[in-house]
Amino acid sequence: MDMVNVKVNGIAVSVPKGSTILEAARAAGVEIPTLCFLKDINEIGACRICVVEATGARGLVTACVYPVAEGMEIQTNTARVQKARKTTLELILSTHEKKCLSCVRSGDCELQKMCKDYGVEDAGMFDGFRPTYELDTSVPHLVRDNNKCILCRRCVAACRQQFVSVIGANDRGIDTHIACAFEKPLSEVPCVSCGQCVVACPTGALTDNDSTADVWAALADPTKHVIVTTAPSIRATLGECFGMPVGTNVEGKMVAALRRLGFEKVFDTNFGADLTILEEAHEFVERVQNKGVLPMITSCSPGWVKFAEYYYPDQLDHLSTCKSPQQMTGAVLKTYYAKKMGIDPKDIVNVSVMPCTAKKFEINRDDQNAAGVPDVDIVITTRELGRMIDRAGILFTSLPDEEFDAPLGDDTGAAVIFGTTGGVMEAALRTANDWLTGKDNKDVEFHEVRGMDGLKEATYNIAGMEIRVAVASGIASANYIMDTIKSGNAPWHFVEIMCCPGGCINGGGQPIQPAAVRNFTDLKALRAKALYDQDAAMTLRKSHDSPVVKKLYEEFFDDGIGGHKAHHCLHTTYVARKKFQ
Amino acid sequence: MQKKISKLPFKGTPEQAAALQKVIDANKHDSSRLMGVMHEAQNIYGYLPIEVQQVIADGMGVPLEKVYGVATFYAQFSLSPKGEYNISVCLGTACYVKGSGDLMDKLKELLGIDAEECTADGRFSLTACRCIGACGLAPVLTVNDDVYGRLTTDDIPGILAKYGK
């Protein structure tokens with residue numbers, strides 16, 4: 001590799017040719033602040049917070065996009081640089097609603113940290129006309145408050161990366177604001193609810209549509225039986241809310257914290273994941289045998305399902321009719337569990353903790369009420385759970401490890417890896433491999449479908465049958481899959497699609513890492529590793545080996561996998577959606 | 001000021017749709033020609049309502065929000081239809097100090113619309129413009145291609161009456 005020698009604040013470093021000043025500085029152990037820059041997503045050099053002095057350059061240059069040259073000497077911290085940054089921050093603050101005391105991002109707001117670092121006074125240096133905006137609260141998955149927007153366009157870029165592009169900059173000059181076409185609320189445009197814009201936002205302009213008040217109210221109501229389930233990926237990310245290293249598996253502490261919050265039972269959505277595999281594998285075999293519509297595509301990711309409904313409404317028969325693991329878990333809790341415990345399903349409040357903002361949309365879909373009441377009552381994101389634990393004064397990092405409650409406690413490694421791209425496919429392959437070969441195969445790892453590539457393809461020969469699969473994460477890859485299917489050239493039998501790049505571990509409801517971390521850390525790979533490590537250490541690694549699921553079919557869905565009873569409870573339907581209302 | 005979005009119903013004709021399609025077909029291989037297509041579309045329809053922007057977005061293979069972003073960035077694009085008679089009041093410096101702001105207010109009052117809007121019957125639209133190079137006649141307004149100068153608010157009802165108001 002061609003290397004370039006530069007000096008950053010006098011420190012000599014050698015970096016690959018084509019590196020930016022930002023990268024070279026990092027190599028020299030120097031952090032340059034950034035606001036608009038998000039690696040691979042938003043590289044526009046617009047906010048000018050990262051300006052530095054560099055030899056051979058006219059004026060200050062933006063470190064985030066400026067490439068280094070041989071012999072370049074870079075100064076990141078001169079009086080001139082500091083003054084420029086401070087002025088930029090003062091200008092940004094002049095149109096920023098400074099409700100920092102109650103802002104949900106207070107403490108992890110990137111703008112706030114920078115203003116503190118540069119000693120920017122709160123008193124307005126450039127006070128004058130400040131445009132005001134109404135909040136967009138039209139959707140269940142987020143709230144947009146443009147009064148706190150700094151126009152960095154990270155959300156716009158994240159939305160474009162997701163191939164949806166429902167938000168952008170409207171009008172110009174002082175009136176510039178981020179919104180949808182014709183100023184429509186988000187509920188009237190084809191937003192897939194993925195929340196990638198929320199995790200991209202450096203300030204409090206995009207936040208969860210917070211449901212924690214509903215959870216606190218339920219917990220305080222003695223007439224309610226309040227239970228909670230957690231998605232596979234939460235254990236790999238919740239620790240980040242409490243300053244633990246990215247990729248720390250905190251399953252035991254998470255369970256302990258939920259108990260201390262007052263939930264009567266703490267269950268694992270992994271149960272629903274195992275159940276999904278059995279129902280989905282059964283549906284797949286049926287489609288193959290009866291010459292049904294192929295490829296069959298997974299339906300676990302509500303953002304992906306919504307995308308298909310908006311953009312490929314004529315291809316919906318490719319989607320598995322299986323409900324998502326969240327909804328399957330909820331359906332079983334409100335039917336089987338309620339009956340077993342002798343509780344009226346109306347008195348159960350089922351809270352689910354999800355890595356996903358689209359799950360808040362999913363619970364209100366049609367056909368998600370197996371017991372005549374909603375399968376899931378409240379969805380909170382990983383972030384919202386983190387805030388609840390904080391408010392309750394639970395010292396998370398010093399909690400003991402505790403176990404999930406029975407009867408939905410024992411899960412499998414197959415379910416754990418649902419939280420990352422390729423996980424559902426691998427879990428399905430483990431079961432299909434055993435079913436089709438009639439053996440208890442010891443080799444359960446399918447490495448071809450692992451990894452953080454947006455699109456992975458593999459062909460497996462199982463019991464003489466050639467099975468071609470594809471795994472897509474991120475809507476750009478999903479779009480490619482759907483275009484290929486539409487053109488009639490799709491070679492695959494079975495496809496896994498996750499809405500967010502990397503799958504649920506990188507979901508829109510996950511803890512927000514500042515750009516300073518995101519730009520230099522592979523969050524997705526580290527979080528996924530936590531799940532694969534847990535899977536590798538488990539005895540039960542195949543969904544069909546789950547004793548809980550077996551028992552459920554014996555006791556409740558007694559006409560078997562894919563039978564009428566299971567179908568009523570665990571399957572759903574899809575609708576074609578109009579893009580713009 | 002944010003651009004005003006007209007609430008008047010879209011009254012596009014099949015001929016206009018065919019003309020727009022022809023423009024799109026000639027340019028759709030290159031999405032960087034978006035602005036030119038929008039310009040042509042505005043020539044065809046007089047403005048760029050959502051119905052037109054949606055056709056452009058689908059035809060050019062770009063998101064509707066991108067088309068809208070461009071339409072609201074450039075002053076030349078309008079989201080409100082032009083009336084049969086478009087009244088344009090010069091708010092340039094010379095006209096403004098000679099009282100063109102009052103002319104504008106009078107027109108708003110008599111037509112019952114705001115600037116950058118069109119009357120419900122489609123007869124009159126009202127726009128503000130910058131200097132049209134007739135400062136000697138200030139304050140000036142135009143109705144389509146007719147120029148009226150050295151006006152006071154008392155002249156406005158008479159001018160409107162000429163066009164059937």
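This dialogue reads a few features of a predicted model.

Reader: What conventions apply here?

Author: Residues are numbered from 1 along each chain as its sequence is written, and chains are lettered from A in the order in which they are written. The model is predicted, and local features need pLDDT of at least 70, side-chain atom pairs count only at pLDDT 80 or more, and totals for chains, interfaces and linings use all residues.

Reader: What does the radius of gyration say about chain A?

Author: The radius is taken over C-alpha atoms, and the globule rule is 2.2 Å times the number of residues to the power 0.38. For 581 residues a compact globule would be near 25 Å, and chain A has 25 Å, so the two agree. The C-alpha trace of chain A spans about 75 × 55 × 50 Å along its principal axes.

Reader: Is helix α10 of chain A mostly covered or mostly open?

Author: A residue is buried if 20 or more other C-beta atoms, placed from the backbone, lie within 10 Å of its own. Helices are DSSP runs of H or I with at least four residues, strands are E runs of at least two, and both are numbered from the N terminus. Helix α10 (residues 302-311) of chain A is mostly covered, with eight of its ten residues buried; among them are A:Trp304 and A:Lys306.

Reader: Which elements do the buried residues of α10(A) pack against?

Author: Contact requires C-beta atoms, placed from the backbone, within 7 Å. The buried residues of α10(A) pack against α12 (358-362), α16 (475-487) and β17 (494-498) of chain A.

Reader: How many residues of chain A are in contact with chain B?

Author: 14 residues of chain A are in contact with 14 residues of chain B.

Key
A residue is buried if 20 or more other C-beta atoms lie within 10 Å of its own, exposed if 12 or fewer, and partly exposed in between; C-beta atoms are placed from the backbone. Two residues are in contact if their C-beta atoms, placed from the backbone, lie within 7 Å.
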